[in-house]
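Trainee: I'd like to learn how to read a model like this one. Can we put it up and go through it feature by feature?

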Amino acid sequence: VQVISTGGALKSSTLSLVGKIAEKTLENFYVDKAIISCKGLDVRKGVTDSSEADAEIKKSMVSCSKRLIIAADSTKFGTISFAKVVVDKKHLPVYTG
């Protein structure tokens with residue numbers, strides 16, 4: 001397994017790397033699948049998250065991927081959170097646990 005770190009600011013609550021440095025790093029890559037979580041998943045408003053920083057890094061992943069997969073549990077359906085991640089992505093597969 002090869003791990004590539006994007007750099008950026010480490011969010012201690014989620015141990016995720018966010019911010020402009022992380023977003024800029026992702027511009028250099030293309031991936032087959034982006035698997036992201038979310039705080040809200042609504043038919044009209046799309047995929048949303050609770051923080052702008054999380055939403056922006058997820059947008060970066062979506063833009064460099066061929067396919068988007070949302071990992072969400074049933075509590076996310078019909079929920080709209082603070083920051084928009086993606087509204088229109090064709091054939092949006094959702095996996096629930």
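Mentor: Let's start with accessibility: a residue is buried under 20% relative accessible area, exposed over 50%, and partly exposed in between, using a 1.4 Å probe and protein chains only. A word on what you're looking at: this is a predicted model, where local features need pLDDT of at least 70 and side-chain atom pairs count only at pLDDT 80 or more, while totals for chains, interfaces and linings use all residues. Residues are numbered from 1 along each chain as its sequence is written, and side-chain values use heavy atoms, with hydrogens and water left out.

Trainee: Is Leu-15 buried or exposed, then?

Mentor: Leu-15 has a relative accessible area of 66%, so it counts as exposed. Look at its backbone too. Most residues other than glycine have a negative phi. Leu-15 has a positive one, near 55°, although it isn't a glycine.

Trainee: Where does Leu-15 lie?

Mentor: In the loop between β1 (9–11) and β2 (16–18). Those labels are DSSP runs numbered from the N terminus: helices are H or I with at least four residues, and strands are E with at least two.

Trainee: How many helices and strands are there in the protein?

Mentor: Two helices and eight strands. Along the sequence they come in the pattern β-β-α-β-β-β-α-β-β-β.

Trainee: Which strands make up the open sheet, and in what order?

Mentor: For pairing, the rule is that DSSP must find at least two bridges between two strands. Here the open sheet has three strands, ordered β4-β5-β7, and the pairing is antiparallel. Its edges are β4 (40–42) and β7 (83–86), each of which pairs on one side only. From one strand to the next, the twist averages 35°.

Trainee: How many bridges join β4 to β5?

Mentor: Three, with the strands running antiparallel. The two form a hairpin, with three residues between them. Click on Leu-41 and you'll find Val-47 of β5 opposite.

Trainee: What is the bridge partner of Val-47 in β7?

Mentor: Val-86. That belongs to the antiparallel pairing of β5 (residues 46–49) with β7, which also has three bridges. Asp-49 has Ala-83 as its bridge partner in β7. Then there's helix α2 (residues 52–63), which packs on this sheet and touches both β5 and β7. Its direction makes about 15° with that of β7. Axes here are lines fitted to C-alpha atoms, for helices over the stretch in contact, and angles run from 0 to 180 degrees between N-to-C directions.

Trainee: How far apart are the end C-alpha atoms of α2?

Mentor: They are 16 Å apart, in agreement with the 16 Å that twelve residues should span at 1.5 Å a residue. The expected span is 1.5 Å times one less than the number of residues.

Trainee: Which residues of α2 are buried?

Mentor: Asp-54, Ala-55, Ile-57, Lys-58, Ser-60 and Val-62. Take Val-62: its relative accessible area is 9%, so it is buried. Its C-alpha atom is 8.7 Å from that of Ile-36, 26 residues apart along the chain.

Trainee: Which residues is Thr-48 in contact with?

Mentor: Contact means heavy atoms within 4.5 Å. Leaving aside neighbours within four places in sequence, Thr-48 is in contact with several residues, among them Cys-38, Gly-40, Thr-79, Ala-83 and Val-85. Thr-48 is found in strand β5, and it is buried because its relative accessible area is 4%. Over in strand β6 (residues 65–71) there's Ile-70, which counts as buried because its relative accessibility is 0%. The C-alpha atoms of Ile-70 and Val-47 are separated by 8.5 Å.

Trainee: How many disulfides does a search of the whole structure find?

Mentor: A disulfide is a covalent bond between the sulfur atoms of two cysteines. The cut-off used is a pair of cysteine sulfur atoms within 2.5 Å, and the search finds zero. Cys-38 is at 5% relative accessibility, so it counts as buried; Cys-64, at 7%, therefore counts as buried too.

Trainee: And for the whole protein, what percentage of residues count as buried?

Mentor: Of the 97 residues, 35%. Among contacts between residues at least 6 apart in sequence, 70% join residues at least 24 apart.
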